[in-house]
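Trainee: I have a new structure to look at, and I would like to learn how to read it. Could you walk me through it?

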Amino acid sequence: MTEIGRKLEIGFAPESSRGVAESTVSKWAKHVSADIIPRVEKAIDDNTRGRLEDSEGARVVKKWFDGTLEGILHVDTIGYLFANIYGAPVSTVVEGDVMSHAFTMSQSIEHPTFSLFRKDGSVNQKVYGGGVVKTLEISAVADNYVRFSADIAAANEASNSSTPSYDTEYDFIGKDVTVKMADTSGALAGATALKLKDVNISWDNSAIVDHVLGNLYPDAIYNGASMIEVTFTKNYVDTTFEDLFKSDAYKYMSIAIEGNTDIGDGNFPGLVLTLNKAQVQSWERSGGGDELVTEEVTIKAFFNQTDLAQSGLTLKNLTATYAG
């Protein structure tokens, strides 16, 4: 039976053993488009037989899986991706069923992997094991939902027959986003929120796909160097960011995304990203004769030797654990 793209369903599960696919879904994700597909590399047989034809065959020498997930940001689902980017979080009870998950960067290249479940309507159903995040972007604009896009790689596949089911999800819109900068970590709470038109946060995980002799599929996929950049647009009202671009100054930065649905005893779903050493890397000014003059700023996060951190991230939601 021919299907349409909206019939695609995606699920996540943290893996108990790194690279070994789980059989049971922990969370089915709503409103996700995905193109996770098989990839192969072929080697050409370049032997010759005294003829002009360039080759007489080829064989598959490597297999793996990768592609892109895109959708509306949901505070529970995104934790499975952060658990691979940062490593397993420290999860604590806030109150009742409300949990706080604190992510800090693990210095091991073997961060926890996840299994990605894919159900293509009635055509195909697979689970991909050893899932890692290559890149992740979270973007917000004033007039839409906060969205995410992730490049994913996986090491292996198996058949699966899990039946999708969905929990209540908590999403966000532009008004839920607050961005601040300050000279110190302690000053962030009292800092004035920046009046931004949009903001984009990107993580690059530098994933390393490791193939060895004796197997077509990767032996493992590892985490590499971690890079974080933030880009935003705002009205050009003063020279603050222009001056920061021309200097060597560093700042602390926080990006808070908090919804307005009470998930228990006055707690609200959300995430807070803190950059411990942020510097303006690029600055551009634009605007026509009858347009508002705006500036586009790109900020890179660096490792702060005093804090022993480049960044930290906290999720507040109803997910009990991101451990396998």
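**A guided first look**

Mentor: Let's begin with one residue. At 12% relative accessibility, Glu169 counts as buried. Please keep in mind that this is a predicted model.

Trainee: Why does Glu169 count as buried?

Mentor: The cut-off for buried is under 20% relative accessible area. Glu169 has 12% relative accessibility, so it counts as buried.

Trainee: And what does Glu169 form a salt bridge with?

Mentor: The partner of Glu169 is Lys27, and the closest N and O atoms of the pair are 3.7 Å apart.

Trainee: Let me look at Lys27, then. Is Lys27 buried or exposed?

Mentor: Lys27 counts as buried, because its relative accessibility is 7%. The strand that holds Lys27, β2, covers residues 27-29.

Trainee: Which residues does Lys27 touch, apart from those up to four places away in sequence?

Mentor: Among them are Ile10, Gly11, Phe12, Asp76, Thr77 and Tyr80, and the list also includes Asp167, Thr168 and Glu169.

Trainee: What does Asp167 form with Lys27?

Mentor: Asp167 forms a salt bridge with Lys27, with 3.4 Å between the closest N and O atoms. Here too the pair links distant parts of the chain, with Asp167 in the loop between β11 (156-159) and β12 (177-182), 140 residues apart from Lys27 in strand β2. The side chains of Lys27 and Asp167 are also joined by a polar contact of 3.4 Å. Asp167 itself counts as partly exposed, because its relative accessibility is 45%.

Trainee: How many salt bridges does the structure hold?

Mentor: There are ten. Another one of them joins the side chains of Asp66 and Lys134, at 3.6 Å from N to O. That pair links distant parts of the chain as well: Asp66 belongs to strand β5 (residues 57-72), Lys134 belongs to strand β9 (residues 124-141), and they are 68 residues apart. Asp66 has a relative accessible area of 11%, so it is buried. Lys134, at 31% relative accessibility, counts as partly exposed. Salt bridges can also share partners, and in this way Lys27, Asp167 and Glu169 are joined into one network.

Trainee: What about the nonpolar side chains?

Mentor: Here is the general idea: in soluble globular proteins, nonpolar side chains tend to be buried together. In this structure, the largest nonpolar core has 61 residues, and Leu81, Phe82, Leu136, Phe148, Trp203 and Met253 touch the most other members. Helix α1 (residues 78-86) supplies the largest share of this core, seven residues.

Trainee: What is Leu81 in contact with, leaving aside its neighbours within four places in sequence?

Mentor: Leu81 is in contact with Phe12, Phe114, Val133, Leu136, Phe148, Ala150 and Ile152. There is also a second, separate core of five residues, which includes Ala13, Val25, Phe117 and Val127.

Trainee: How do I read a pair of strands?

Mentor: Strand β6 (residues 90-95) and strand β7 (residues 98-104) run antiparallel and are joined by five bridges. For Val93, the bridge partner in β7 is Met99. The hairpin of β6 and β7 has two residues between the strands, and Gly96 takes a positive phi near 60° there.

Trainee: I see Met99 again in the surroundings of another residue. Where is Thr319 placed?

Mentor: Thr319 sits in the segment after β20 (311-317). Not counting residues up to four places away in sequence, Thr319 touches Asp76, Tyr80, Met99 and His101. Thr319 counts as buried, because its relative accessibility is 10%.

Notes
Residues numbered from 1 in each chain as written. Predicted model: local features only at pLDDT ≥ 70, side-chain atom pairs only at ≥ 80, totals over all residues. Heavy atoms only, no water. Helix = DSSP H or I, 4+ residues; strand = E, 2+ residues; numbered from the N terminus. Buried < 20%, exposed > 50% of the residue type's maximum accessible area, 1.4 Å probe, protein only. Polar contact = N/O pair within 3.5 Å; in protein donor to acceptor, adjacent residues only side chain to side chain. Contact = heavy atoms within 4.5 Å. Core = buried A, V, L, I, M, F, W, Y, C linked by side-chain atoms within 4.5 Å. Salt bridge = Lys/Arg side-chain N within 4 Å of Asp/Glu carboxyl O. Pairing = 2+ DSSP bridges.
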